[in-house]
Amino acid sequence: MPPSSRINQVPIESLIDVQREDGTHDFDYKVSEVKDEKMPNASIFTFIKEDHTLGNMVRTQLHTNKDVSFCGYKPDHPTVHQFFLKVQTRQETTPAAAVSQGLREMLFTVHSFSVKLNDALSDHEERQGSTAR
């Protein structure tokens, strides 16, 4: 195995949520918030055990919120599975409320997509079954 591939191997413990013997998890919270002192009404959120795929989805969703002034994400090092999301909102709301709303909207969108996809697959299978006879 080349040295570079050994260096970049990711331990399996960093990819899954491990439950300890006492019932607690390795990370009790997937998201943490730190207020940004450099910008008014802004916070930096750390999403643990996630990567840029979710980061880009959350950022894109937050850009549709009229109360969000700025939103950007930055993945951590490629071998560390977390990303940072910086959100600045207008005074009418907080960054945490905007992120929470954005995540709820994403869940609704994904659920709607799942329902439509399953319906389309069922219709396709029915049509395939009727033409096979």
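**Salt bridges and exposure**

Tutor: Lys30 is partly exposed, with a relative accessibility of 41%; buried means under 20% relative accessible area, exposed over 50%, and partly exposed in between (1.4 Å probe, protein chains only). This is a predicted model, in which local features need pLDDT of at least 70, side-chain atom pairs count only at pLDDT 80 or more, and totals for chains, interfaces and linings use all residues. Residues are numbered from 1 along each chain as its sequence is written, and side-chain values use heavy atoms, with hydrogens and water left out.

Student: How many salt bridges does a search of the whole structure find?
Tutor: The search finds four, a salt bridge being a side-chain nitrogen of Lys or Arg within 4 Å of a carboxyl oxygen of Asp or Glu.

Student: Which residue forms a salt bridge with Lys30?
Tutor: The partner is Glu50, and the closest N and O atoms are 3.3 Å apart. Lys30 lies in the loop between α1 (3–7) and β1 (31–35) and Glu50 in the loop between β2 (42–48) and α2 (52–62), so the pair ties together parts 20 residues apart in sequence. Helices (H or I, at least four residues) and strands (E, at least two) are DSSP runs, numbered from the N terminus. Glu50 is partly exposed, at 24%.

Student: Now Asp67: is it buried or exposed?
Tutor: Asp67 is buried, with a relative accessible area of 17%. Its salt-bridge partner is Lys66, at 3.5 Å between the closest N and O atoms, and Lys66 is exposed at 65%.

Student: And what does Glu33 meet in a salt bridge?
Tutor: The side chain of Glu33 meets that of Lys35, 3.5 Å from N to O. Glu33 is partly exposed at 33%, whereas Lys35 is exposed at 52%.
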